[in-house]
Amino acid sequence: MSDPNALRPGLVAWNACKPFAGSNVQGKIVPSADALLNRAHRDALDRGFVICGSSSEILKSPEPPNMYCEVRVTIKMKSIYEAGQPVYEFSGLGAADVATGARVNGHYLSLAETRARTRALGFALNSDEENAGSNAGAA
C-alpha cells in the first residue's frame, strides 16, 4: 500500500516553491497582495489544489471619529485529484483606520480587505513560517 501522504507524481512540495517577491519591512520580506495572488494561481495547481472560493465579512464598519474598520476574508481550497475531499479554509483579518495615513483616506474598507486577503493567501500558501499550518481546517 502506498503512503497516503506522499506527493503525486509531478506535484511540488509546499516548501519547495520559489520564494516570494516582496518588500523589506522592518527587516522582514513581506509579499505583496499581487505576488500572493499570482503565486496562488500559479503554484496551487502544482500542489494539486485549486482555489474554489473566497468570502469577505465586515466585522466593524468605519465610523467617525477614528474610522476604524476590520474585515475577515476566507479563502477556500480543495484537492483536484481526490473527489469528496474536504474544502480547506484559510482566514485572515485586516484592519485600517485614520492612523493608516492620508493616502487611504476614505478607502479604509478596501485597505482592510486587501490586508485580510493577503494574510489569508499567506496562510494558504504557507508564506509565513511562524504561522505555517496554524490557520488551516477542514470545513
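Is Thr74 buried or exposed?

1. Thr74 is buried, at a relative accessible area of 10%. Buried means under 20% relative accessible area, exposed over 50%, and partly exposed in between (1.4 Å probe, protein chains only). This is a predicted model: local features need pLDDT of at least 70, side-chain atom pairs count only at pLDDT 80 or more, and totals for chains, interfaces and linings use all residues. Residues are numbered from 1 along each chain as its sequence is written, and side-chain values use heavy atoms, with hydrogens and water left out.

2. Thr74 belongs to strand 4 (residues 69–79). Strands (E, at least two residues) are DSSP runs, numbered from the N terminus. Beyond neighbours within four places in sequence, Thr74 contacts Gly53, Ser54, Ser55, Glu89, Phe90 and Ser91. Contact means heavy atoms within 4.5 Å.

3. The Thr74 side chain also makes a polar contact with the side chain of Ser91, at 3.1 Å. A polar contact is a pair of N or O atoms within 3.5 Å; within protein, one must be able to donate a hydrogen and the other to accept it, and residues adjacent in sequence count only if both atoms are side-chain atoms.

4. There is one aromatic pair. Phe49 and Tyr88 sit edge-to-face, 6.5 Å centre to centre, with 75° between the planes. Phe49 lies in strand 3 (residues 49–60) and Tyr88 in strand 5 (residues 88–96), 39 residues apart. Rings of Phe, Tyr and Trp (its six-membered ring) pair if their centres lie within 6.5 Å; planes under 30 degrees apart count as stacked, over 60 as edge-to-face, the rest as tilted. Phe49 is buried at 18%; Tyr88 is partly exposed at 28%.

Methods. Helix = DSSP H or I, 4+ residues; strand = E, 2+ residues; numbered from the N terminus.
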